[in-house]
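Here is a short briefing for a first look at this structure.

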Amino acid sequence: MSKAPKVVGYKEISFWQEDSIGVIAIFSGPDGLASMDFFEEFLKAVTLAITDEKVKFLVITGTDDIFFRGIRGVDYTNIKSYLELTSAIASFLSTMVKPVISIINGKAENLGVELALLSDIIIARKDAEIVLSDNFEPIMGFSISALKYSFFKTGKAEEKSNCDLIMDGPEFLQKASEFIRKTGNPGLTLLRRNRLNSMRDAISIEREAFMLNSAYGITKEEGKEEQ
């Protein structure tokens, strides 16, 4: 798989096709965070992958040593859009009829972990980290997507605990690409769609909890300022 090229019309991601594989690479920077523009670009790329008959698989990966951590600059002014857009991505990926594979090339955290769990297969580099922070609040269906594993484990990549397959070596991306091309199980997408068929209900419950916790956090901060 090639190094992520710059593509006209995209700043937060890159999207290109290699044979039958459509690749979305996230440009999240050294902090692992992207701007709110990420959502529009990501959804545009997913839509292209869905409608392009030449694309048989969708791959999601990061750049350098970071997969994805989340969005910077989320506050009172854009939190509604933030929740609506994360829900849209979860809905798109959970119902997609083409196989979705996440290749975790380094550190995945919080929103990045939620994104990866919407895949049929998670391939991780041997030294990858798949981490949930102590203050993690799910918003993309984690409460059901994490059931992909009997006991989801946060930390270093571990097969059957937070990823499906670990690959190693300097040719990691090439090995992952070759594995994907050999994957021809049509039941993969059915398993994912069945596993995530309650996505709408899960997101609704998670959003409610997220908003309640956010409001509580705001109240605490306002209390500190008044003292």
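On a 1 Å grid over the protein atoms alone, a pocket is an open set of points where a 1.4 Å probe fits, with protein on both sides within 12 Å along at least five of seven lines; lining residues have an atom within 4 Å of a point. Grid points are joined across faces, edges and corners, and a volume is the space filled by probe spheres set on the points. By these terms, the largest pocket has a volume of about 670 Å³.

This is a predicted model: local features need pLDDT of at least 70, side-chain atom pairs count only at pLDDT 80 or more, and totals for chains, interfaces and linings use all residues. Residues are numbered from 1 along each chain as its sequence is written, and side-chain values use heavy atoms, with hydrogens and water left out.

**The largest pocket**

- Its lining has 24 residues, and those closest to the centre are Val74, Tyr82, Asn135, Glu137 and Phe210.
- Strand E6 (70-71), helix H2 (79-95), H3 and helix H7 (199-226) each supply at least two lining residues. Helices (H or I, at least four residues) and strands (E, at least two) are DSSP runs, numbered from the N terminus.
- H7 gives the most, with 6 residues.
- The lining divides into 13 nonpolar, 6 polar and 5 charged residues. Here Ala, Val, Leu, Ile, Met, Phe, Trp, Tyr, Cys and Pro count as nonpolar, Asp, Glu, Lys and Arg as charged, and the others, Gly among them, as polar.

**Salt bridges**

- The model has 9 salt bridges (a side-chain nitrogen of Lys or Arg within 4 Å of a carboxyl oxygen of Asp or Glu).
- Asp120 and Arg192 form one, at 2.9 Å from N to O. The pair links distant parts of the chain, 72 residues apart: Asp120 is in the loop between helix H3 (111-116) and strand E9 (121-125), and Arg192 is in helix H6 (residues 187-195).
- Both Asp120 and Arg192 are buried (under 20% relative accessible area; exposed is over 50%, partly exposed in between, with a 1.4 Å probe and protein chains only).
- Arg125 pairs with Asp127, their closest N and O atoms being 2.6 Å apart. Shared partners join Asp65, Arg125 and Asp127 into one network of salt bridges.
- Arg125 counts as buried because its relative accessibility is 17%. Asp127, at 52%, counts as exposed.

**Asp52**

- Asp52 lies in the loop between helix H1 (37-51) and strand E4 (57-61).
- Its relative accessible area is 27%, so Asp52 is partly exposed.
- Leaving aside neighbours within four places in sequence, Asp52 is in contact with Gln17 and Lys98 (heavy atoms within 4.5 Å).
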